[in-house]
Amino acid sequence: MNQEKKPTLLPPETDLARFSDRVGFVTLTVKEIKRFWNVLGQTVTAPVVTALLYLLVFAQAMQGRAQVYPGVSYTEFLVPGLVMMTVIQNAFANSSSSLTQSKIMGNLVFLLMAPLGAWEWFAAYVVAALVRAALVASVMLLVALLFVPLPVHAPLALLAMFLLSGASLAVLGLIAGIVASKFDHLAAFTNFIITPLSFLSGVFYSVHALPPFWYTASHFNPFFYMIDGFRYGFFGQADVPIGLSLLWAAGFLALLSTICLWMLMTGYKLRR
Amino acid sequence: MNTSSTDALSIDGVRKAYGKVQALDGVSFNIRRGEFFGLLGPNGAGKSTLISIIAGLVRVDEGRIGVLGHDTVRDWRSARRLIGVVPQELVFDPFFKVVDMLRIQAGYYGCGRESWPWIDEMLVKLDLENKRNASMRTLSGGMKRRVLIAQALVHRPPVVILDEPTAGVDVELRRTLWSFMSELHAKGTTVVLTTHYLEEAQDLCERIAIIDKGKVRVIETTAQLLDRHPFRFLRIKLANEGLLPESLRPLVSGEKNGSIELRLDREKHPISGVFTALRAAGLDLEDVHTREPDLEDIFIELTHDKSRPAVAGGAR
């Protein structure tokens, strides 16, 4: 038996290397928030301006023409849908663009080599995307409220729909970022999945006004439930019961999270 | 395998293929704790693949790797916090300033504000102090390389892997880097170096492994490696014109500036024999110079000699 003194695993000065999941998670979250914060004009101001332009144009063109809910003007009807559409698009854009950019720039190695697990990655990207989505939604609501008075019928439903929808799209963004190996792939994801599904989800109309085929088709679009449930939070009325919207949003989030966590845990398309 | 409790890295039967290309073919060796270890090989030998597997960037097909006894797959969190890797590519995050990047990297490893004094110290030692608030995208290549080195050391890992850290950098940075790494090594840090500058490896490394085509060709102390070479070199400059004797022509290993370099087997070709042959041919010498083989000679011999078998199953 070797009698030499067994060396300690680490020299004393390596106490700094003591692992803390919480610190790693918080660091990645703050870093992801700072990333979009550094370019606020692009990540917050631009989507707010775009959504407000939609509001201006559609409110002017459609006011008095479209049939919505009793006692709710078209402009009032439009605002929650536009806010949720902006949440959907920005939550997706935040995680997907961050991850894709890191992959293409090569700096993802810093994260891949770090002792951060799938859950920390997942939670950090989702929280950062939710912060951006909340910022965009708040600014947009504040500006819209200057022109359109909005009731708040069910604040908890509003919050739940925001969190479930924002988190779902943040996770979908993570999946897209993992799968994409160039910006072209990400653009395809955005242009052929996110934008069509968000435009065909009842942002600009009530699905009851649609022909039967499109009415039925809308009910297979998860974004429809996100927008409908969010709208319920303001008006207390919606195209489908709030319970169904919550169920769809939660189910969508659970499905996407399972896929995403599997990808992160196995290193799919991240670790060769 | 013979894994000692002092091994900083234990690499056991590691295989990795990319399609039909076998990047690593049963690589096994240990790196002792506190060693300055050189991992050499020509381009495509498998060095970076091996480092990527150790760092967790690439999944292994077969075999296992331990970092100070922690398996890089089963106990990956512990293994990863014990190593710091300087990647070969100049990668950076364009959204952040130098000091922010280092603090973020420290945070990934669970280090908070307590790591900030160490970060400040590294900024000074790596001559980055006046760039601490510069955006990463504005830095020169050499400065980015310094930041990469600091990032790898930010959590004070006991094992540091440098993948060609001096590729394309100026003399000043090389001096700064080797002075800093020697200081860390003196304090007990294990350093693993891959480089194409063989004189660096010869000067710095205590032991060297040469891998080629995914296999370990040799692993020995630097002194043993240099001693094992059976040749020495004799450079001669002739005073008068004439043909080199027939017997000496197969020994010519190079010609430069009118000088001829002969590669002499220490046992078969005594220097006195060369002089005798030259005199017999009526040739006078203007200048004579002998040179002992360096790592580059050994490297070339090992990686170009196709008939030489690789060290099977791994050398120790």
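This is a predicted model: local features need pLDDT of at least 70, side-chain atom pairs count only at pLDDT 80 or more; totals for chains, interfaces and linings use all residues.
Local features are given only where pLDDT is at least 70 and side-chain atom pairs only at pLDDT 80 or more, while totals for chains, interfaces and linings use all residues. Residues are numbered from 1 along each chain as its sequence is written, and chains are lettered from A and ligands numbered from 1 in the order in which they are written.

**View 1. Chain A as a whole.** The secondary structure of chain A consists of 10 helices and zero strands (helices are DSSP runs of H or I with at least four residues, strands are runs of E with at least two, and both are numbered from the N terminus). Along the sequence the pattern reads α-α-α-α-α-α-α-α-α-α. Taken along the principal axes, the C-alpha atoms of chain A fill a box of roughly 90 × 35 × 35 Å. Of the 272 residues in chain A, 45% are buried. A residue is called buried if 20 or more other C-beta atoms lie within 10 Å of its own, exposed if 12 or fewer do, and partly exposed in between, with C-beta atoms placed from the backbone. Contacts in chain A between residues at least 6 apart in sequence join residues at least 24 apart in 81% of cases; a contact is a pair of residues whose C-beta atoms, placed from the backbone, lie within 7 Å.

View 2. Helix H2 of chain A covers residues 40-62. Its 23 residues should span 33 Å at 1.5 Å a residue, and the end C-alpha atoms are 31 Å apart, which agrees (the expected span is 1.5 Å times one less than the number of residues). A kink of about 30° is found at A:Ala46, shortly before the proline A:Pro47. The bend at a residue is the angle between axes fitted to the seven residues ending there and the seven starting there. A:Pro47 is itself one of the buried residues of H2(A), together with A:Val48, A:Ala51, A:Leu55 and A:Ala59. The cover over these buried residues includes helix H3 (74-105) and helix H5 (118-145) of chain A.

**View 3. A:Leu99 in helix H3 of chain A.** A:Leu99 is part of helix H3 of chain A. A:Leu99 counts as buried because it has 25 C-beta neighbours inside 10 Å. Leaving aside residues up to four places away in sequence, A:Leu99 touches A:Leu174, A:Gly177 and A:Ile178. The C-alpha atom of A:Leu99 is 9.4 Å from that of A:Ile175, although the two residues are 76 residues apart along the chain.

**View 4. The two domains of chain B.** Chain B is assigned a domain 1 (7-225) and a domain 2 (230-292), with bounds from an automatic or database domain assignment. The C-alpha centres of the two domains of chain B lie 43 Å apart. Chain B has 10 helices and 14 strands, and its C-alpha trace spans about 75 × 45 × 35 Å along the principal axes. Buried residues account for 43% of the 316 residues in chain B.

**View 5. Strand S3 of chain B between two parallel partners.** Strand S3 of chain B (residues 36-40) has five of its five residues buried. B:Phe36, B:Gly38 and B:Leu40 lie on one side, and B:Phe37 and B:Leu39 on the other. S3(B) runs parallel to strand S8 (residues 190-194) of chain B, with three bridges between them; two strands pair if DSSP finds at least two bridges. B:Gly38 stands opposite B:Leu193 in S8(B). Four bridges join S3(B) to strand S9 (residues 207-212) of chain B, also in parallel, and here B:Leu40 stands opposite B:Ile210.

**View 6. The open sheet S12-S13-S11-S14 of chain B.** This open sheet has four strands with antiparallel pairing. Its edge strands are S12 (252-256) and S14 (285-291) of chain B, each pairing on one side only. The twist averages 20° from one strand to the next (axes are lines fitted to C-alpha atoms, for helices over the stretch in contact, and angles run from 0 to 180 degrees between N-to-C directions). Strands S11 (residues 231-238) and S13 (residues 259-265) of chain B are joined by six bridges, and B:Phe231 has B:Asp265 as its bridge partner in S13(B).

View 7. Two bridges join S4 (residues 62-67) of chain B to S5(B), and the partner of B:Val67 in S5(B) is B:His70.

Technical notes. Two residues are in contact if their C-beta atoms, placed from the backbone, lie within 7 Å.
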